[in-house]
Each structure stands twice: as C-alpha cells, then as structure tokens.
Amino acid sequence: MDIDFNEYKLRCELHGHDDDVRGICVCSDDNIATSSRDRTIRVWSLDPSDKRKYTSSKILLGHTSFVGPLAWIPPTDDYPEGRLVSGSMDTFLFVWNLINGENIQTLKGHQMQVTGVAIDKEDIVSSSVDQTLKRWRNGQLVESWEAHKSPVQAVIKLPSGQLVSGSSDASLKLWKGKTSLQTLSGHTDTVRGLAVMPDLGFLSASHDGSIRLWALSGEVLLEMVGHTSLVYSVDAHSSGLIVSGSEDRHAKIWKDGVCVQSLEHPGCVWDAKFMESGDIVTACSDGVVRVWTVRHDAIADQMEIDAYDSQISQYKLSRKKVGGLKLDELPGLDSLTSPGTSDGQTKVVREGDNGVAYAWNMKEQRWDKIGEVVDGPDGVADRPIHEGVQYDFVFDVDIGDGEPIRKLPYNRSDNPYDAADKWLLKENLPFAYRQQIVEFILQNSGQKDFNFNPSFRDPFTGANAYVPGQASHTAATPAKPLYKHIPKKGVLVFDVAQYDGILKKMTEFNTTLRSDSVNNDKSLTELEVSRVGAIVNILKDTSHYHSTNFADMDIALLLKVLQAWPPAMMFPATDIVRMLVLHPHGASLLIKHVENNNDLLLDLIKKVTEDSALPANLLTTVRVLVNLFKNSSFHYWLQTHHSQILDAFSNCYSSPNKNLQLAYSTLLLNYAVLLIEKKDQEGQAQVLSAALQVAEEEAADVDSKFRSLVAIGSLMLEGLVKKIAIDFDVESIAKSAKASKEAKIAEVGADIDLVIRQ
C-alpha cells in the first residue's frame, strides 16, 4: 500500500530523570513537561542556542511516589505561563505555577493512585484506581462518583463537552456530568489510554494490544493492531496521524489505520504525544525523553543518530539469551584455547550474535563443535530471578514512609492471598496491608478475573481479608489460567482501501469494455461511472457513516458489474463492496439482495472460484466475507452457508499470495468467534479442521499461522471441539508453535498447550 508519509527521525534526547519517564504534557512547541517514577516533574524549554534541542528549565518537587498523568491549564492574567496539574501514586493531585514552579494547590480525596487528569473549562477532572472520577473547582472537590466497578485508568474531555473514561474492566464510558450516556465494549483487556481524534471521535489504547477509533455514537471506526504487547498510550494530531506507546518498546505511528512507522526504544514506551508542529515526544523506561521529527532542519546530527542506533543494538544484544545465559556475558572463541577437564565437557561461547556449544574430546584433545544454542519461546529465559529462584513476576513495592523499595516475587500459579501472607511475614509488615497487597498483585499480574472470597473478615481492615489461624478457602482453588492470545473476542475486518487506485482500475476496465464490440453493452455509462465515484466519496467519509445513505440504485449498479463484467475485470467492484458492508446503511441495503431467492453473494462466490480462479478475485471476495461478520444482520447467512463458503476457498491456505493466506486465516478466525457464540459444534469442527491445515502448512505466512492458531485455541477453550482437536493431534501443533522463533506464535502455542492440559 502506498501511503504519503514522511519518516520520523530522532531530533533530540532529554536527559535528567533518574528513573522511568511515565507521562508527557506538551504545553507548547517551546515547553514540555514530563513526569517520572523518580517522583519529580521536569519542565523542558527550547534551547535558544540550538532550536533542535530542549534544556531542563524547572524541576517540580513534592510528590512522595511516582508521578504519572499531567495536564496543562492555558495561561491567564494571574498565570501567564499557565499551570500544570500532576497526579501521583501518592493519591494526590498538585497544581503548579509554571512561572516559578511552586505548588499552589494540593487536591486530596482519592484513596488510591491517580491515573488520569483532564481539564474541563475551569475544572479539573481526575480518575483513579479507587474506581472513581472526581471533579475539582478552585482547589475544592465538588463532585465524586463511582465510574466503573474496576480501576479507572484514564479520562479525557471531548470537544463536545462530554467525558470519556477507560477502565480495567475493558470498557469505556461516555459521560455528561455524572450521568453515564453509554458503555462501550470491544476491548478484551484494560483500557489504559485515551485521546481525542480531531473531527472524528476519540481513541483508546488497551492492554489487549490494540488501538481503537470510536465515533461519538459509540461505533468503532477503526481497530489498529500491530503492537506485540500492552499498549499504554495513544495520541492524535490534526493531520490525522496517530501515535501509540507500548510495552513492546515501540512507539508506532498510524495513518488511516495502517502502521506506517515504528520507533524502536531501549525500553518500554510509557507515553507518546504529538506537538502542534507534528513532532512526537516519547517517554521511555530508560529515563530518557526523546523528540522525533520529520523536518529535515530539525533532525539530530548523524553522530547522535548513529549513537542511538548503537544504543538500540547494544540493548537488544544485552537482552538476547542462549541457553538461559546472556549472550554478551559468554566467553569468546579464544576461551577454546584452554583444554577441557573431562571427556564430554561442554562450553558455550559467543560467535558473532550467536551462542555455540562445544564439547571437549579427550582422546583428540580438542573442542568439537556441537551446534548453535537457542532458547525456547521469548520470555521463558527472561523470567526474573529473586534470591536465586525464577518467578513470573518480581514486583517493586513502595510502601512509602521513607521505607526502601521491597521485592515481591510471584508466580501466576500462586494463590495471591498466600503470596501476600508469606511476603508480609518475611518483610515483618502488618497484616493490615494484606488486602492492598493482594489487589496490587492481581492488578499488576493481569489476574483481574480472580474471585475474592467474600466470607473472609480481617480484624484490621474488616473485609475480604486474613483471619489468623484460619485456612484460606481460596488457597484450595487454583488461580484461573492466564492466556495471552485466547479466547478471541470480537471480529477482525479489512477496513483500509486504496480508493483512488480502485476507481482508476475500474475506469480503465470500463474503457476497455467500451472499445470491445463483444462486451460493449456491459460497460458503464458516464452517469454510472460518476455514480461509482459518489459511492466511493461516501465510503471515504467515515466520520459521517452514521448520517450518510446510499440509494438502491447504488447497490444495483455494483451488483450489475459483479454479474456482467468478465472475471478478470470484476475485482475493483468487489473491493468497493468490501468497504460498503462496513457502512451501516450500505450493509442494510445489501442484505436485501442476499436474503431473497436470488442470492447474489453465493453467485459471486461461485463465479470467482471457478476453474481459472484469479488471485485478485479470491482475495477481494474473501475480504468481503470477512467484513460481513462486522454486521450482525449477516450472521445468520454466514452460519447457514459456512460449509459452502469454507469448501469454496479451502485451497487458499496454500496460495503463494501472502495477502490471500492472511484473508483466509482471518475468515477462519471470524468464523470461530461467530460459531462459538452460536454454539454450533458442526460448524466449529469444520473451522477447526481448516485452521489446523493452515497451522501445519510450513510455507504459511507468520500472521496467517498466528490467526489460525488463535482460532484453534479459542475453539478449544470456549467452543465444543476440544476433544476433536486433541484427536487431530493438536498437541504436536502446539509443541511446534512453542518452539517458534516468532514470539507471538510461541505464545499462542503455549496458550493451546495450557488448554490441552486443563
């Protein structure tokens, strides 16, 4: 896909924070504020001697724990440089005068960490892990309400005046004052970041790895998937560009729903924000703030860029492990000059970017090369170690009061109550902390679905807690297994189109038909060509899908092309239909042509899958079918005809065309989601069989294989075909996937393996 986009380059690095940089607030192109785990806020101002760079102009001190969200209040007569609002783990919000860096207001009221701050005219609105939203006016709390039943992770104010909140319950809520207007579902994990999308609606970033663009009506306009781990932040620019920051160490830049660039960092990207100029500011866990630009006169010197590239390379090298050992800590080849001490003794040495094993041959008095040493799935060897033991997590716990940071080890298979009890005893801390520690473990390990035992009563805290000498009821109940990629919730769509290319190709084909004496009668008139252009213009304007309509003649016109034009010329029209089904009114008109006795979609499938099937026709038609899942009106038709559809496209899995492979795997994944919901065992079994075929195909594209594996895992976990899958030897497929060098393949392989063993 050709996208007009200028690549971002490093502009400058801002050094000063002593720990993770957690938040960014762009006050203007000349002033940036950043927050950190080091408990400080820094204000950075444009360097007058070098307009590419920023220098630290103020350090704001006062918070007693790490600082997160920031928001800027524009200048007034009393505060000519504006004010800054900060929220912290210490439960307080501070308001700062940016002229002198003084704390002019302390807002007390939240019971737990402050996670978000929004400015609503003269008011400040804050969100918190305590599940509330609070409104502050002139330093006083004026409103407080429970917004969600789980921690509220973010809040923004829309230009319309409404508020949007995102929560660990995976939902978003739209608010007018304290009144909830709508609850938006779709994400499958914590909603961590929110941002206004100019003229369209708003964006959400989630721990499920996706970013979604929502219309004010609550409709999902786009889903952007590309990150390989938790997404923490999202922001938008007036140009239409979107930037997101993730645990996967990348800030990704998106245009029209497509990732056009990934900015790699030497650590987690906690936050990413646009400046008005279009430059991007990123906050990284290495304690460094970075500014990125597309303006050639602002790009860093080549020496600085080379130094950054070297830093990235060194970081990746330091993270690479072989046999559980850090690659950069392995001895070099020169260590083989020393003889071994016993026959068969092994030694792993570094050769370039690989670890290679050698065995000592006592008879020949030499080191014999065994081969390259590799680890299993990513993350297995990276499990943290505490006091010589590997754990799934080793948390840093800050209990405040000037006490040092303490380490809390935890495995997913542990009971969180037992883990909390043992840790409190070991650290000689009061059991009054127990419930707080349990909730901390559950939140930070992602076990939000763990069921608390309501019968517990604690003499210190009163509820859901420890009773001395009493056996824990929940201790006998193992924690719910955690899966990284399954079950799949919601469907995927292909919602990006090259409209100009589609129209150009249709016009070209129509001109050919006009000059063909045999097919001249099948060509479109000038008026019909113009109408196709009008259809495309409606489809381009996604922000008005809720209010735009098509005429019946528009659908008839497209179907005329699909029916009458030669197979080699029909794919541009099919591509328009692919986008049409994502338009609410377009889909409602098309369903009428599907539900009658003359089923035009089945006719289309038959036409494109005949003997001399063209890849372009197969690709566009499968994508049409994939997009039908987005509209529930088509679900009955899709379920009824699943066997015909899957049989018709069954050979797509082995196509050399990777786009066709991916479309087919997406069709299988969407069918898995639908047929699980419909409890259709026969249909699930057919989808399972097709997905297993893709998973076993050695030449299958990585993304295609991944989606087929997610379909398999979801069908086994929530469907009715687990036993059938085991009979199909799914265990060997899971084992093969777990050994993959592709992280997401290995992870979903581990998910399937865990389902098998449950």
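The protein chain contains 18 helices and 37 strands, where helices (H or I, at least four residues) and strands (E, at least two) are DSSP runs numbered from the N terminus. This is a predicted model, in which local features need pLDDT of at least 70 and side-chain atom pairs count only at pLDDT 80 or more, while totals for chains, interfaces and linings use all residues. Residues are numbered from 1 along each chain as its sequence is written, and side-chain values use heavy atoms, with hydrogens and water left out.

Of the 758 residues in the protein chain, 52% are buried; buried means under 20% relative accessible area, exposed over 50%, and partly exposed in between (1.4 Å probe, protein chains only). Contact means heavy atoms within 4.5 Å. Among contacts between residues at least 6 apart in sequence, 51% join residues at least 24 apart.

Helix 13 (residues 658-677) packs against helix 14 (residues 681-696) at an angle of about 150 degrees, with the axes 9 Å apart. The axes are lines fitted to C-alpha atoms over the stretch in contact, and angles run from 0 to 180 degrees between N-to-C directions. The two helices are therefore roughly antiparallel, a term for angles over 145 degrees. On the side of helix 13, the residues in contact include Tyr 664, Leu 668 and Tyr 671, and on the side of helix 14 they include Val 687, Ala 690 and Val 694. By class, this contact has ten nonpolar, three polar and no charged residues; Ala, Val, Leu, Ile, Met, Phe, Trp, Tyr, Cys and Pro count as nonpolar, Asp, Glu, Lys and Arg as charged, and the others, Gly among them, as polar.

The structure holds eight aromatic pairs. Rings of Phe, Tyr and Trp (its six-membered ring) pair if their centres lie within 6.5 Å; planes under 30 degrees apart count as stacked, over 60 as edge-to-face and the rest as tilted. One of the pairs, Phe 509 with Phe 571, is edge-to-face, at 5.8 Å centre to centre and 85 degrees between the planes. This pair links distant parts of the chain, 62 residues apart, with Phe 509 in helix 4 (residues 499-514) and Phe 571 in helix 7 (residues 571-580). Elsewhere, ring pairs join Phe 92, Phe 94 and Trp 96 into a cluster.

Ser 238 lies in the loop between strand 22 (231-236) and strand 23 (242-246). Its C-alpha atom is separated by 8.7 Å from that of Asp 199, 39 residues apart along the chain.

| Residue | Relative accessibility | Class |
|---|---|---|
| Phe 509 | 11% | buried |
| Phe 571 | 24% | partly exposed |
| Ser 238 | 62% | exposed |

Conventions. Angles under 35 degrees count as roughly parallel, over 145 as roughly antiparallel, 65 to 115 as roughly perpendicular and the rest as oblique.
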